[in-house]
Amino acid sequence: MEIFKDILNFTVVDIIDVILVAVLLYYLYRLVKGTVAINIFIGIIIIYGAWRLTDFLNMELLTGIFGGFMKVGIIALIVVFQPEIRKFLLMVGSTNIGRRGQFFKQLNFLKTEVSNETDVDAIISACNKMAQTKTGALIVFERNNNLDFLSESGDEMNIKVTQPIIESIFFKNSPLHDGAIVINNNTVKATRVILPVNNEKNIPKRFGLRHRAGIGVSEKTDAIALVVSEETGHISCFKDGEFVVYDDINELKNIIKGDLV
């Protein structure tokens with residue numbers, strides 16, 4: 001009966017609380033998915049469960065050992081998950097909620113955002129030409145999530161996007177070809193950027209580090225990643241950690257243009 005009473009006392013605030021917890025868990029899952037951090041987190045949960053069990057069974061020695069570990073658990077979490085915590089806070093802090101809200105777009109006095117003017121045609125044409133010569137490339141389109149925390153790992157740039165610029169950056173003898181480039185509003189923000197790599201084993205072995213990096217950055221942010229394979233010359237597109245399926249280059253252009261609006 002107590003359960004039914006709790007259900008009847010469920011308020012709007014409780015619903016909001018559940019939704020916020022679900023959103024938080026979703027971001028945490030995206031953060032640790034495909035990394036060893038998830039295994040560490042599971043290990044901590046197991047130790048906590050063992051501590052509660054030994055306390056329930058009055059096993060004083062083991063309770064004291066597990067209890068001592070749990071007392072410094074917060075500090076241990078900060079130390080162990082420092083990179084993940086930093087990325088999580090940066091992701092949350094850099095998310096432009098206003099651009100995601102379709103409701104605000106209907107209000108004229110709140111229309112402060114600038115449309116994305118990225119020259120997708122020039123980028124896809126460059127990728128198509130590099131695919132013919134099997135020149136490897138990794139291009140990241142910044143969307144709502146600010147990618148400055150990733151751009152810091154590379155060389156800061158401020159170059160207008162054109163087809164020759166993209167091709168020259170990834171030219172095999174170019175000092176800038178290694179790593180990814182980040183593009184926002186038709187500007188190359190950074191080159192030689194190091195991206196988070198997806199470590200899942202279910203990815204086909206024919207895909208190399210560029211593809212894993214493309215999957216990784218699209219998992220942890222809302223960015224779109226384009227990869228030109230150095231082995232096959234195939235152009236792959238990733239969004240939300242998944243392959244984007246397309247029939248031809250024109251369809252790929254339209255997909256990216258639609259996502260950048």
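Before I start, a cut-off: I call a residue buried when its relative accessible area is under 20%. I also keep in mind that this is a predicted model.

**Entry 1: serine 229.** I looked up where serine 229 sits, and found it in the loop between strand S5 (224-228) and strand S6 (235-239). Is serine 229 buried or exposed? Its relative accessible area is 3%, so I put it down as buried. Next I checked what its side chain reaches, and got the backbone nitrogen of threonine 232 at 3.1 Å. I then left out the neighbours within four places in sequence and listed the contacts of serine 229: Lys134, His211 and His234.

**Entry 2: serine 218.** This serine belongs to helix H12. Its relative accessibility comes out at 0%, so serine 218 goes down as buried too.

Entry 3: I read off about 250 Å³ of space for the second largest pocket. Its lining has 13 residues, and nearest the centre are Leu138, Asp178, Gly179, Ala180 and Val193. Strand S4 (187-193) and helix H12 (209-220) each put at least two residues into the lining. Which element gives the most? It is H12, with three residues. I also sorted the lining by type and got eight nonpolar, two polar and three charged residues.

Entry 4: A general reminder to myself: in soluble globular proteins, nonpolar side chains tend to be buried together. The largest nonpolar core here has 27 residues, and Ile139, Ile166, Leu226 and Ile256 touch the most other members. At least two residues of this core come from each of helix H9 (120-132), strand S1 (137-141), helix H11 (163-169), strand S3 (180-184), S5, S6 and helix H13 (249-260). H9 gives the most, with seven. I also noted another core apart from it, of 19 residues, including Leu150, Ile203, Phe207 and Ala225.

Conventions
Residues are numbered from 1 along each chain as its sequence is written. This is a predicted model: local features need pLDDT of at least 70, side-chain atom pairs count only at pLDDT 80 or more; totals for chains, interfaces and linings use all residues. Side-chain values use heavy atoms; hydrogens and water are left out. Helices (H or I, at least four residues) and strands (E, at least two) are DSSP runs, numbered from the N terminus. Buried means under 20% relative accessible area, exposed over 50%, partly exposed in between (1.4 Å probe, protein chains only). A polar contact is a pair of N or O atoms within 3.5 Å; within protein, one must be able to donate a hydrogen and the other to accept it, and residues adjacent in sequence count only if both atoms are side-chain atoms. Contact means heavy atoms within 4.5 Å. On a 1 Å grid over the protein atoms alone, a cavity is a set of points where a 1.4 Å probe fits but cannot get out, and a pocket is an open set with protein on both sides within 12 Å along at least five of seven lines; lining residues have an atom within 4 Å of a point. Grid points are joined across faces, edges and corners, and a volume is the space filled by probe spheres set on the points. Ala, Val, Leu, Ile, Met, Phe, Trp, Tyr, Cys and Pro count as nonpolar, Asp, Glu, Lys and Arg as charged, and the others, Gly among them, as polar. A nonpolar core is a set of buried Ala, Val, Leu, Ile, Met, Phe, Trp, Tyr and Cys residues joined through side-chain atoms within 4.5 Å.
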